[in-house]
Amino acid sequence: MPRTARTKSESGIYHIIMRGINRQILFEEEEDSVKFIQTIQKYREICEYKLYAYCLMGNHLHLLLMEGKDPLGTVMRRICSSYVIWYNKKYNRVGYLFQDRFKSEPIEDATYFLTVLRYIFQNPVKAGIVTRVEDHVWTNYSDYFEESSKTDIDFVLSLFHTDRKKAISSFLEFINQENNDQCLDVERRQITDAEAVKIIKKHCKVDHAIDLQKFDVNKRNQCLKDLKKVYGLSIRQIERLTGISRGVIQKI
């Protein structure tokens, strides 16, 4: 059966997930995590991509990057091949390490870009690995307040404020906010209707989900867009809970 074509990002920015084959652990020891981070930094120079975020999570990892001179497929093949050769030699093994095909989603607007950024950094907290974002050392979260050049922090901070100190302060506040962000994941959990109603009420600031019908068109459409892209509610679920027609929701 032929594979579905990967959705191309008009902005060149992607949220990427790579998983170990058969859920195998990718980072057995601290040295492994260090080596992978060195690998993505090495190919950042070679392939000229912008690296905004990464998070290593045992048997999978998240990346947020923008293509440079090489297309995404080439970038990921280089990263994976380099790490697998090193890993197989270290552990005296042969064969594949990563699941056959990495997952990716295109990022086309600043709102969702920041949502994905926060989602990646909060992944270890939501998985119960740590209690605070800064406690998981295998991310580049600290690059933002240490102003490290190891990853591309300038673009992200510019989205918060033109003043650097204020930008860093706003970044830290945003990343550590409680949220119901739903983004591409290893296995996306289906959101129940009860959870979806809570999301709609909180995000749209309404008493009842059907109150969205009373909003003016622009405000309603922005809410619907956020419910789909930021929180991951399905079109059918939004239609069912808000009473807004599927045709309207699909167009946004």
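**Figure 1. Surroundings of phenylalanine 27 in the predicted model.** Not counting residues up to four places away in sequence, phenylalanine 27 touches Asp32, Ser33, Phe36, Leu56, Met57, Gly58, His60, Leu61 and Tyr83. The residue itself sits in the loop between S1 and H1. Its relative accessible area is 9%, and because buried means under 20%, phenylalanine 27 counts as buried. One of the residues touched, glycine 58, is 31 residues away in sequence, and the C-alpha atoms of phenylalanine 27 and glycine 58 are 5.6 Å apart.

**Figure 2. Glutamate 28 in the loop between strand S1 (13-19) and H1.** Glutamate 28 has a relative accessible area of 49% and is partly exposed. When neighbours within four places in sequence are left aside, glutamate 28 is in contact with Tyr87 and Tyr91. Both tyrosines also belong to the H2 side of the contact between H1 and H2.

**Figure 3. Helix H1 and its cover.** The end C-alpha atoms of H1 are 26 Å apart, in agreement with the 26 Å that its 18 residues should span at 1.5 Å a residue. Buried in H1 are Asp32, Ser33, Phe36, Ile37, Thr39, Ile40, Gln41, Tyr43, Arg44 and Cys47. The cover of these buried residues includes S1, S2, strand S3 (60-66) and H2. Within S1 lies isoleucine 17, which is buried at a relative accessible area of 3%. Isoleucine 17 and lysine 201 are 184 residues apart in sequence, and their C-alpha atoms are 30 Å apart.

**Figure 4. Packing of helix H1 (residues 30-47) against helix H2 (residues 72-91).** The two helices pack at an angle of about 150 degrees, and their axes are 10 Å apart. The crossing of H1 and H2 is right-handed. On the H1 side, the contact is made by Glu31, Asp32, Lys35, Phe36, Thr39, Ile40, Tyr43, Ile46 and Cys47. H2 contributes Val75, Arg78, Ile79, Ser82, Tyr83, Trp86, Tyr87, Lys90 and Tyr91. By class, the residues of this contact comprise 11 nonpolar, 2 polar and 5 charged.

Figure 5. Most residues other than glycine have a negative phi. Glutamate 48 follows H1 and lies in the loop between H1 and strand S2 (50-56). Its relative accessible area is 48%, and glutamate 48 is partly exposed. Lysine 205 is placed in the loop between H7 and H8. At 73% relative accessibility, lysine 205 counts as exposed.

**Figure 6. The bend in helix H3 (residues 110-126).** H3 bends by about 35 degrees at isoleucine 120. A proline, proline 124, follows the bend within four residues. From first C-alpha to last, the 17 residues of H3 reach 23 Å, close to the 24 Å expected at 1.5 Å a residue. H3 is mostly covered, with 13 of its 17 residues buried.

**Figure 7. Glutamine 177 between helix H6 (164-175) and helix H7 (193-204).** Glutamine 177 lies in the loop that joins these helices. Neighbours within four places in sequence aside, glutamine 177 is in contact with Arg118 and Gln122. With a relative accessible area of 34%, glutamine 177 is partly exposed. Leucine 63 is 114 residues away along the chain, and the C-alpha atoms of glutamine 177 and leucine 63 are separated by 21 Å.

**Figure 8. Helix H8 (residues 217-229) and the helices around its buried residues.** The 13 residues of H8 should span 18 Å at 1.5 Å a residue, and this agrees with the 18 Å between its end C-alpha atoms. The buried residues of H8 are Arg220, Cys223, Leu224, Asp226, Leu227 and Lys228. These residues pack against H3, H7, helix H9 (235-242) and helix H10 (246-251).

Note on methods: Residues are numbered from 1 along each chain as its sequence is written. This is a predicted model: local features need pLDDT of at least 70, side-chain atom pairs count only at pLDDT 80 or more; totals for chains, interfaces and linings use all residues. Side-chain values use heavy atoms; hydrogens and water are left out. Axes are lines fitted to C-alpha atoms, for helices over the stretch in contact, and angles run from 0 to 180 degrees between N-to-C directions. A crossing is left-handed if the near helix is turned anticlockwise from the far one by less than a right angle, and right-handed if clockwise. Contact means heavy atoms within 4.5 Å. Ala, Val, Leu, Ile, Met, Phe, Trp, Tyr, Cys and Pro count as nonpolar, Asp, Glu, Lys and Arg as charged, and the others, Gly among them, as polar. The expected span of a helix is 1.5 Å times one less than its number of residues. The bend at a residue is the angle between axes fitted to the seven residues ending there and the seven starting there. Buried means under 20% relative accessible area, exposed over 50%, partly exposed in between (1.4 Å probe, protein chains only).
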